[in-house]
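Open the model in your viewer and keep the sequence panel beside it. The stops below say what to select and what is there.

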Amino acid sequence: MSIWEYANPKKFLTTSERVMPALWVSAAVLCTVGLIWGFFFTPDDYRQGSTVKIIFLHVPAALIAINAWFMMLVASLIWVVRRHHVSALAAKAAAPIGVVMTLIALITGALWGQPMWGTWWEWDPRLTSFLVLFLFYLGYIALWEAIEDPDTAADLTSILCLVGSVFAVLSRYAVNFWNQGLHQGASLSLDKEENVADAFSNPLYVCMIGFGLLFLALVLYRTGTEIRARRMRALMLRERMQA
């Protein structure tokens with residue numbers, strides 16, 4: 001069985017409808033368990049106090065925000081190379097999810113940063129690149145809505161997605177590129193000196209997996225909606241031509 005079979009809209013819809021219930025349930029359980037575990041059953045940090053618990057919402061949201069753009073990039077490249085409409089619609093479907101996750105990360109980052117840094121915002125390399133990524137998300141969505149022909153819209157948004165990927169990379173690795181700025185390094189690292197304690201990392205892993213499954217479920221659901229909407233527009237156009 002080839003992965004390209006799922007480029008067929010009917011095959012995609014059939015398969016996604018089969019797996020989505022399990023994804024919804026798993027995402028709901030893991031997100032609930034992870035957030036309750038993190039917010040109510042972890043100790044306060046010796047320096048940051050209870051404020052550190054924002055990590056259980058901030059880090060998973062930021063992770064999805066960045067990787068959603070990379071998923072859109074892969075889907076867009078598949079569209080450009082192979083012209084599979086499902087991939088273009090999957091990229092379109094992921095964008096609103098990504099923008100919401102980016103907004104959550106920016107807001108929770110400000111809530112976390114204010115008591116730690118004494119300011120709601122700082123033009124830190126990672127924060128600035130993350131804000132630019134948020135603007136790229138908005139521009140991507142606006143470009144889809146502004147162009148009537150879906151194939152042309154898919155072509156132009158694919159180019160925008162490629163350009164925006166630079167800022168997705170900067171958002172992920174800005175702390176490594178620049179040894180300055182207020183933003184801390186990675187919360188989860190192979191370096192034991194940088195990695196957070198197990199009391200925080202274990203529920204954080206649960207939250208990250210839950211958010212990842214939630215993203216996947218939402219993308220499948222929204223892609224199915226986009227496929228059906230495209231079919232509806234095609235049928236309406238055919239009826240107009242026959243009339």
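The tour goes from the whole chain to the core, then to a pocket and a loop.

**Before you start.** This is a predicted model, in which local features need pLDDT of at least 70 and side-chain atom pairs count only at pLDDT 80 or more, while totals for chains, interfaces and linings use all residues. Residues are numbered from 1 along each chain as its sequence is written, and side-chain values use heavy atoms, with hydrogens and water left out.

**Stop 1: the whole protein.** Show the cartoon. The protein has six helices and zero strands, in the order α-α-α-α-α-α along the sequence. Helices here are DSSP runs (H or I, at least four residues) and strands are E runs of at least two, numbered from the N terminus. The accessible surface is about 13400 Å², and 66% of it belongs to carbon and sulfur atoms; areas come from the Shrake-Rupley method with a 1.4 Å probe, and for residues only the protein chains shown count as cover. Of the 243 residues, 41% count as buried. Buried means under 20% relative accessible area, exposed over 50%, and partly exposed in between (1.4 Å probe, protein chains only).

**Stop 2: the largest nonpolar core.** Select W69, M72, F130, Y137, Y140 and F215, the residues with the most contacts inside the largest nonpolar core, which has 36 residues. Helices α2, α3, α4 (125–146), α5 (150–177) and α6 each supply at least two residues of this core, and the largest share, 11 residues, comes from α2. A nonpolar core is a set of buried Ala, Val, Leu, Ile, Met, Phe, Trp, Tyr and Cys residues joined through side-chain atoms within 4.5 Å. In soluble globular proteins, nonpolar side chains tend to be buried together. Another core, of 10 residues, lies apart from the largest one and includes I54, F56, W112 and C207.

**Stop 3: F215.** Zoom in on F215, which is found in helix α6. F215 is buried, because its relative accessible area is 11%. Which residues does F215 touch, not counting residues up to four places away in sequence? They are I64, A68, M71, A94 and I97, where contact means heavy atoms within 4.5 Å. Draw a distance from F215 to A68: their C-alpha atoms are separated by 8.2 Å, although the two are 147 residues apart along the chain.

**Stop 4: V219.** Stay in helix α6 and select V219. V219 counts as buried, at 6% relative accessibility. Leaving aside neighbours within four places in sequence, V219 is in contact with M71, A90, A93, A94 and I97. V219 and L89 are 130 residues apart in sequence and 9.7 Å apart in space, C-alpha to C-alpha.

**Stop 5: the second largest pocket.** Select I3, Y6, F12, V86 and A90, which lie nearest the centre of this pocket among its 20 lining residues. The pocket holds about 530 Å³ of space. A pocket is an open set of points on a 1 Å grid over the protein atoms alone, where a 1.4 Å probe fits, with protein on both sides within 12 Å along at least five of seven lines; lining residues have an atom within 4 Å of a point. Points are joined across faces, edges and corners, and the volume is the space filled by probe spheres set on them. Helices α1 (9–40), α2 (55–82), α3 (85–117) and α6 (198–242) each supply at least two lining residues, and α6 gives the largest share, five.

**Stop 6: R83.** Finish in the loop between α2 and α3, where R83 is placed. R83 is partly exposed, with a relative accessible area of 38%. Its phi is near 60 degrees, a positive value in a residue other than glycine.
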